[in-house]
Amino acid sequence: MSFENDLDAIVVGSGPNGLAAAVALARAGASVLVLEAAEEVGGGTRSAPLTEPGFLHDVCSAVHPMGILSPFFRQLPLAEHGLEWLRPLASVAHPLDEGDAVMLYPSLESTALGLGADARAYRRLVGPLLRDPHGLLADVLAPLRVPDHPLQLLRFGMRGAFSANRLARLVFRGTRARALFAGSAGHAILPLTTPLTAALGLLFTFTGHVEAWPVARGGSQSIARALASYLTHLGGRIETGWRVERLDALPPSRVVLFDTSPEQLSRIAGDALPPGYRRRLARYRYGPGVFKLDWALDGPIPWRDPACLEASTVHVGGTLEEICRSEREMFRGRHPERPYLIVCQQSQIDPSRAPEGRQTGYAYCHVPHGSTLDRSDAIEDQIERFAPGFRDRILARHATDPRALERYNPNYKGGAITGGVADALQLFTRPVARLDPYATPNPRLFLCSASTPPGGGVHGQCGYWAARSALRRLGLEPDAAPTPSPERPLC
Ligand SMILES: Cc1cc2nc3c(=O)[nH]c(=O)nc-3n(C[C@H](O)[C@H](O)[C@H](O)COP(=O)(O)OP(=O)(O)OC[C@H]3O[C@@H](n4cnc5c(N)ncnc54)[C@H](O)[C@@H]3O)c2cc1C
């Protein structure tokens, strides 16, 4: 492959962050080439027929609260490039052994009403965050910096600094509200007694009142395809099937951005990075992995409470105490008998994913880093507990363990899906503590993956902020395209 002129930027990897970085660079007028190891763009946003013909599964990400609300994605005309968000009636259902499932509805009032005696406490906890949710998200989904909306961020930070367990016990008295909060905080992949896990609980909870957590029509791959299509429209180029192994094998360019793990950045860049910086990258903590099951089903999951079918995501794991125990055990290297699960029911919202009358779904549980234990039975037992007869609905299943995840995408080291542990020590200092976490000691090289702030999830914000850093180096101004109003998002 030859390139007539030197490029401004090469982006290694086409996950949502790599594509976001490339788009941000191209919008500022830079010439950009994206190199992707796989045959298809997308990284964690690809879809594939993993089970039977006619069933389309999300290989990684499925439900996208951060995608629909991403401050950067909201600036882009992704709808014109094929992205359609499909919103469920509820973001979350959280079934319990006793009584109805707890539901996170877009309406604060409807959600609060389902929490009994904790209705008022819930309104007081979440309501203030909804005064300027887009402003708050712009500050939360960013590196450490002087915030644009300091009061909102302070309000969020004062509560979010607690552990999820502590905040839930301080604020709520009942099982239902505590369980709902624990289910959202469980996305942190940390023991829920860890400081700052309340921030994840709050973030996931309040986003559910801004937008019902959506899926993308046609599979999560539609997100990557829309970004890639827009990038091409802006003049950017993409080459797939090109695994970058060495820096000196790249076409000439002024900067290179890595949508990779810190380990790969270090290996590929080699001597182009100083030994001290590489030693710090080697100390990066990736954290626990996941074990995932995808199913082709001959009907909807037979939840004991059918309201669970209204939600894109079902948090399965019972009470706050149970989820705390399960995540603590997992983080200590064990495999709890009753794991906390994140269950997604894509075809309930997007019927194009399965043949008529059939359904798709997936669930994953957190497991110790690099675990090789098959968790299929533990996962299906947990679902049976709240949906008796579930196993009878399974036509086919596809299991992915941490080793398979890492083979699929080397960014998922040991099966870790969110770019590395997001505790207080590593959330804003990923991959290492630096004033500009995206830049490296080599002025040509940048990291733009989920191993930079603000971390995991499909929002493209790591790529966007890394691109701003690279644009400064290129002497280009970031595109100052206005953010559309919340009432009229472009995507
Ligand atoms: C099972 C699972 C479920 C998830 N569920 C959700 C969810 O529901 N919602 C959500 O928001 N997030 C979810 N996530 C997390 C989300 O997918 C990631 O945080 C996100 O994809 C990270 O984006 P990224 O661009 O940083 O990296 P990635 O998406 O990992 O993309 C990196 C890309 O770089 C390529 N690459 C790597 N090395 C090289 C190389 N040497 N040369 C060329 N190319 C290379 C890879 O092939 C890949 O395409 C989930 C992840 C997993 C695994």
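User: How many bridges join strand S13 (residues 341-344) to strand S14 (residues 359-367)?

Analyst: Some ground rules first: this is a predicted model, where local features need pLDDT of at least 70, side-chain atom pairs count only at pLDDT 80 or more, and totals for chains, interfaces and linings use all residues. Residues are numbered from 1 along each chain as its sequence is written, and side-chain values use heavy atoms, leaving out hydrogens and water. Strands (E, at least two residues) and helices (H or I, at least four) are DSSP runs, numbered from the N terminus. S13 and S14 run antiparallel, and the number of bridges joining them is four.

User: Is H11 roughly parallel or roughly antiparallel to H12?

Analyst: Axes are lines fitted to C-alpha atoms, for helices over the stretch in contact, with angles from 0 to 180 degrees between N-to-C directions. The axes of H11 (residues 262-269) and H12 (residues 275-282) come within 9 Å and cross at roughly 150 degrees. Under 35 degrees counts as roughly parallel, over 145 as roughly antiparallel, 65 to 115 as roughly perpendicular and the rest as oblique. That makes H11, relative to H12, roughly antiparallel.

User: Which residues in H12 do Pro 262, Leu 265 and Ser 266 meet?

Analyst: Contact means heavy atoms within 4.5 Å. The three H11 residues meet Tyr 277, Arg 278 and Leu 281.

User: What is the orientation of H1 to H17?

Analyst: H1 (residues 16-27) and H17 (residues 461-474) have axes that come within 7 Å and cross at roughly 40 degrees. That makes the orientation of H1 to H17 oblique.

User: Which residues have a pLDDT that stays under 50?

Analyst: pLDDT is the predictor's confidence in each residue, from 0 to 100. The protein averages 95, and 97% of the residues score at least 70. One stretch, for which the model has 24 contacts beyond four places in sequence, stays under 50: residues 481-491.

Key. Two strands pair if DSSP finds at least two bridges between them.
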